[in-house]
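Look over the sequence and the structure below before reading on. The text after them goes from the whole chain to its parts.

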Amino acid sequence: MLRELKTFVTVARHGTFAAAGQRVGLTQSAVSAQMRVLEQNLGVRLFDRSGRSAVLSAGGRHALPLAEQILGLYAQMAVPTALAEWQGELKIGAIATVQTGLLPEALVRFRTQAARVELKLVPGVSLDLLGQVDAGELDLAVLIRPPFELPKELMQVPLAREPFVLIVPPGLPGDDPLQLLREQPFVRYDRRSFGGRQVERFLREQRLTPREALELDELEAIVRMVECGLGVSLIPRAGLWCNRPQELRVLELGELTFHRELVATLRRAQRQPALDWLLQCLADPTYDEVSCRAEV
């Protein structure tokens, strides 16, 4: 029955019997046969079989979190009670600024208690990493808090808050962020990203329509564009640029300041000692936000 439950969860995550078969090493017909056996044993129709997709029925949607819980409990039976004895691989997703910010020190601390755990770091943008956690492809991801409710199967742990600031070329006069946004070309933080959506909301609230020069997602590239005089930009105060001499001015937003929140996201059914310890390392209160000195 455990084999059928694993296949059921895989079908639910990947949407078709064929895709699930590729993940678990079975033919499409073998996956279909397993699902028929599971439905017969449970007395519940798990899928609405229309077209090529395997869409969960009402019974399937009810069964999925229970199946994940059963598999999670079964996996816990093989988990050593001592963290130092834990072996295996953890796949961790992280956005770029986290990879060069809070993650390195957290992983060094993690290794002091879980030296036998193999770590694999997967880079990506927040939305993609969230999807990989949801699909079970990552054990945990550190990303920007999504601007929407997560599925009940997922949980998120707050880690840090990073204020947005206005960065301007060094020779550009003026200290009023709103006036500079009205008058200067704007290098925009990509609207498809969670942080970029926050910038867009701020601009709408302030009734600003900047003259856009460029739109991109990489913070280090945005900083370099501003340093070269392409325009001004609203970005979170985070990343390697905060640790090097800057050829730009950083203006605080004062009472208009808004923040980007970093969270660790994981599946509730995957909680185990190594992940719990990693969460403790990431949420270490001794971690301080990287700060960039504001110049006015």
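The model shown here is predicted. The protein has 11 helices and 11 strands. Along the principal axes, its C-alpha atoms fill a box of roughly 75 × 50 × 30 Å. Of its 296 residues, 46% are buried. The accessible surface comes to about 15100 Å², and carbon and sulfur atoms account for 50% of that area. How do the contacts relate to the order of the sequence?

Helices come next. Helix α2 covers residues 17–24, and its buried residues are Phe17, Ala20 and Gly21. These residues lie on the same side of α2, because they cover an arc of only 105° around the axis. Gln22 and Arg23, on the other side of α2, are exposed. Just after this helix comes Gly25, with a positive phi of about 80°.

Helix α7, residues 126–134, can be read in a similar manner. Its buried residues are Ser126, Leu129, Leu130 and Val133. Their arc around the axis is only 100°, so they sit on the same side of α7. What covers these buried residues? The cover includes the strands β3 (88–94), β4 (117–123), β5 (140–144), β6 (154–168) and β11 (259–267), along with helix α9 (194–205). Just after α7, Gly136 takes a positive phi of about 80°.

Thr265 is in strand β11, and it counts as buried because its relative accessibility is 0%. Leaving aside neighbours within four places in sequence, Thr265 is in contact with Leu130 and Val133, and also with Asp139, Leu140, Ala141, Leu143, Leu150, Leu154, Met155 and Gln156. Leu130 and Val133 are among the buried residues of α7.

Now consider strand β7, residues 185–189. Is this strand enclosed or open? It is largely enclosed by the rest of the structure, because 5 of its 5 residues are buried. In a regular strand, side chains alternate between the two faces of the sheet. In β7, Pro185, Val187 and Tyr189 point one way, whereas Phe186 and Arg188 point the other way. Strand β7 runs parallel to β8, and 5 bridges join the two. Arg188 has Glu215 as its bridge partner in β8.

The loop between α9 and β8 holds Arg207. Most residues other than glycine have a negative phi. Arg207 is not a glycine, yet it has a positive phi of about 55°. Arg207 is exposed, because its relative accessible area is 79%.

Charged side chains are the next topic. Side chains of opposite charge can pair when their charged atoms come close. A search of the whole structure finds 17 salt bridges. One of them joins the side chains of Arg13 and Glu68, at 3.4 Å from N to O. Arg13 is in helix α1 (residues 2–14) and Glu68 is in helix α4 (residues 58–76), so this pair links distant parts of the chain, 55 residues apart. Arg13 is partly exposed, at 34% relative accessibility, while Glu68 is buried, at 6%.

Arg260 and Glu162 form another salt bridge, with their closest N and O atoms 2.7 Å apart. Because Arg260 lies in strand β11 and Glu162 in strand β6, this pair ties together parts that are 98 residues apart in sequence. Both partners are buried: Arg260 has 1% relative accessibility, and Glu162 has 5%. Salt bridges that share partners also join Arg188, Arg191, Glu200, Arg204, Glu212 and Glu215 into one network.

A further salt bridge pairs the side chains of Arg45 and Asp48, at 2.3 Å from N to O. Here Arg45 is exposed, at 52% relative accessibility, and Asp48 is partly exposed, at 29%.

The surface also has a nonpolar part. Which residues make this patch? Leu214, Met225 and Leu230 form a nonpolar surface patch of about 200 Å². Leu214 is in strand β8, residues 211–216, and it counts as partly exposed because its relative accessibility is 32%.

Key. Residues numbered from 1 in each chain as written. Predicted model: local features only at pLDDT ≥ 70, side-chain atom pairs only at ≥ 80, totals over all residues. Heavy atoms only, no water. Patch = residues over 30% accessible without salt bridge, like charges linked within 9 Å, V, L, I, M, F, W, Y side chains within 5 Å. Areas by Shrake-Rupley, 256 points an atom, 1.4 Å probe, with all protein chains shown as cover. Salt bridge = Lys/Arg side-chain N within 4 Å of Asp/Glu carboxyl O. Helix = DSSP H or I, 4+ residues; strand = E, 2+ residues; numbered from the N terminus. Buried < 20%, exposed > 50% of the residue type's maximum accessible area, 1.4 Å probe, protein only. Arc of directions from axis to C-beta. Contact = heavy atoms within 4.5 Å. Pairing = 2+ DSSP bridges.
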